[in-house]
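Visitor: Hi, can you walk me through this one? Please keep it simple.
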Amino acid sequence: MSEKPQVKSSPSFFNNPRNRSLIYQLLLLVGLAYFFYGIVSNTLANMEARGIKSGYDFLFTTAGFDILMSLIPYDATHTYGRTFVVGLLNTILVSTIGIILSTIVGFIMGVAHFSHNLLIRKLAVAYIETFRNIPLLLQIFFWYFAVLAALPSARQSMSIGEAIFLNVRGLYFPGLIAESGAGIVYGAIAAAIAGIFFLRRWAKKRQNDTGQQFPVFTASLGILFGLPLIALLVSGIPFVWDFPELKGFNFRGGVTVIPELMALALALTVYTGAFIAEAVRAGIQAVPHGQTEAARSIGLKESKIMKLIVVPQAMRVIVPLLNSEYQSLVKNSTLATAIGYPDLFTVFVGTTLNQTGQAIEIVFMTMAVYFVINMSISFVMNRFNASVELAERN
Amino acid sequence: MKRLTSVIATGLALGLSFGAQAGTLEDVQKRGSVSCGVSTGLAGFSQKDENGTWSGLDVDVCRAVAAAVLGDAAKVQYKPLTAKERFTALQSGEIDILSRNTTWTHTRDTSLGLNFAGVNYYDGQGFMVSKDLGVKSALELDGAAVCIQAGTTTELNLADYFRANGITYKAITFDTSDQTRAGFESGRCDVLTSDQSQLYALRIGLKDPSSAMVLPEVISKEPLGPVVSQGDDAWFNVVRWSLMAMVEAEFLGVDSASADKAKAEGNPSQKRLMGSEGDSGAKMGIPADWGYNIVKQVGNYAESFERNVGAGSPLKIARGLNAQWNKGGIMYSSPVR
């Protein structure tokens with residue numbers, strides 16, 4: 001029986017695994033820091049040597065160009081900084097429209113996949129397979145150059161009751177101009193929303209206590225439309241219609257939805273909707289069939305089974321997938337530049353960058369914005385995810 | 001310890017790679033080709049035919065530089081760029097020359113790290129409208145929708161002009177001139193605005209060119225010319241004088257057909273331009289017969305103009321401002337001596 005050599009109790013400093021890993025990590029950190037320092041200082045030195053201006057002063061100088069669509073007052077006398085805000089708001093607008101509509105389309109199509117009706121089921125499959133497999137840029141071009149550009153000219157607009165007009169320049173519909181007393185109506189709308197919120201809580205509590213159900217949906221509808229209507233009549237209808245009218249070349253007045261926005265929102269909705277439909281399908285399929293059978297066996301109606309048993313469990317699968325679809329949608333909205341929708345990328349990285357030449361600053365600002373938008377989406381969706389997650393007993 | 005040293009070595013290598021750059025002229029000579037930024041396709045200025053050969057007034061500047069430096073006008077690598085990409089491509093050193101309908105303005109010259117090497121076309125901004133609008137002047141365009149290319153001086157001039165005249169309008173911006181034309185054709189806008197030379201080129205590309213007309217107003221000065229990076233004077237000189245040589249050759253009456261004769265038995269000015277007298281090439285660090293190569297292979301300015309945008313082309317643009325100074329224009333070259 002030979003004795004094993006004793007392990008040295010104190011290895012040399014470099015042979016100590018902890019020390020070694022610490023040293024390598026420190027070296028890597030120093031190397032990385034030096035690398036980034038090199039990039040930044042090199043860039044600055046080169047820019048200086050080539051006489052390229054740097055800094056953020058340009059944000060306060062007059063832009064001198066116009067933007068097709070703005071949610072805030074803007075004209076050529078405003079600053080480059082304001083073009084940033086205009087572009088940002090347009091990006092948020094199209095992303096919000098896209099997220100809401102694609103969620104609706106996606107859920108309908110995802111559920112339609114399980115329909116007992118063959119036609120509906122096949123339609124859903126055809127929709128998903130078609131739009132999921134065609135590049136988004138091509139779809140944007142399709143909507144913009146093939147569908148919307150084929151609409152009639154301004155003088156031959158399609159119209160509904162001489163109030164809503166559709167032509168190659170966009171969709172025009174009457175706007176509402178608020179007069180004094182409109183505050184009462186806005187208040188009524190807010191009160192109606194709050195009322196519905198409390199009604200739902202009350203109805204749920206009553207059902208838990210007594211088992212009796214209350215027709216929440218119809219009651220909510222009644223409040224939502226009834227209350228503002230009463231307010232309208234009481235305040236003597238403090239709104240006037242602003243009808244679009246053909247003057248000279250174009251329609252003036254009313255509200256205009258430019259075709260660029262329509263095309264981009266449509267394309268983003270249809271494209272992302274197809275992916276969301278797949279996510280919804282996956283989520284529903286992940287719920288074991290036994291759950292549905294169990295629900296049937298205790299006598300729940302088919303509609304209640306979907307709403308109370310299947311969808312809540314499916315959400316656990318769907319929500320994380322939705323998160324990444326929403327983030328893709330926001331990033332994909334930069335394709336706006338192909339058709340000239342004035343989003344942040346088109347306005348700020350496009351025109352502003354070119355007029356000022358401050359490429360590094362502008363690209364950095366824009367990257368930071370998309371990062372922040374997507375981190376916010378992620379934050380909200382993670383919160384939402386936590387609320388639908390399986391509550392496990394400890 | 002071995003790994004430790006390799007980590008340090010990598011760090012040092014990274015550090016070394018942040019080195020300085022050599023001059024563009026040496027780079028071009030070493031590489032054997034000139035990298036030239038052109039448009040994505042604009043009739044008369046830079047366009048690609050079905051064989052993939054580039055031609056145009058702007059392309060000829062690149063060819064002239066290649067002829068001067070490398071003795072072969074064909075040694076050019078073309079990089080098609082949109083208006084939005086062009087300055088970044090030059091600043092980053094991706095291209096040696098930008099020859100792409102670029103207007104010489106104060107901001108661009110002073111704050112973008114660029115130098116304009118001269119003017120190869122004097123242009124001005126105009127408007128193209130559909131004939132059935134019945135508009136005869138730009139001042140009648142109140143409320144019109146205007147198609148425009150993003151990232152151009154045109155965008156700024158348009159805002160200035162309409163504001164000064166109290167006219168309202170909607171600007172619809174596109175990325176490339178093809179998309180701008182498609183927008184105009186589909187009726188998305190009433191008016192297309194751009195430099196006049198481009199308007200003629202875009203009008204030819206319409207399905208029915210006679211349906212559109214160019215309005216008489218010229219609302220801006222647009223001196224277009226080749227651009228190089230700031231801080232490389234040797235290269236700047238080569239580009240500037242390659243352009244000058246074409247204009248000077250026209251002034252001296254030398255063209256591609258008579259270049260050999262002028263080189264052998266021309267008058268002293270012609271001989272200096274052709275490189276058979278003096279040392280103009282050596283002063284720039286390029287071959288002595290640089291001027292001869294330009295004129296022989298590319299032609300003088302008149303030849304280039306007529307071939308690409310003038311009488312010999314579908315555009316049929318008159319010389320106008322771009323004629324020689326002694327023939328009613330403002331094209332003027334400094335003497336080679």
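Guide: Start with one term: two residues are in contact if their C-beta atoms, placed from the backbone, lie within 7 Å. This is a predicted model: local features need pLDDT of at least 70, side-chain atom pairs count only at 80 or more, and totals for chains, interfaces and linings use all residues. Residues are numbered from 1 along each chain as its sequence is written, with chains lettered from A and ligands numbered from 1 in the order in which they are written.

Visitor: OK. What is Val146(B) in contact with?
Guide: Skip its neighbours within four places in sequence. Then Val146(B) is in contact with Leu158(B), Tyr169(B), Lys170(B), Ala171(B), Ile172(B), Cys189(B), Val191(B) and Thr193(B).

Visitor: Which residues have the most contacts inside the largest nonpolar core?
Guide: Val146(B) is one of them, along with Leu264(A), Val65(B) and Val69(B). That core has 164 residues. A nonpolar core is a set of buried Ala, Val, Leu, Ile, Met, Phe, Trp, Tyr and Cys residues joined through C-beta atoms within 7 Å. Buried means 20 or more other C-beta atoms within 10 Å of the residue's own.

Visitor: And apart from that core?
Guide: Another core lies apart from it, of five residues, among them Val185(A), Ala192(A), Leu227(A) and Ala231(A).

Visitor: New topic. How many residues of chain B are in contact with chain A?
Guide: 37 residues of chain B are in contact with 36 residues of chain A. The chain B side divides into 15 nonpolar, 14 polar and eight charged residues. Here Ala, Val, Leu, Ile, Met, Phe, Trp, Tyr, Cys and Pro count as nonpolar, Asp, Glu, Lys and Arg as charged, and the others, Gly among them, as polar.

Note on methods
A residue is buried if 20 or more other C-beta atoms lie within 10 Å of its own, exposed if 12 or fewer, and partly exposed in between; C-beta atoms are placed from the backbone.
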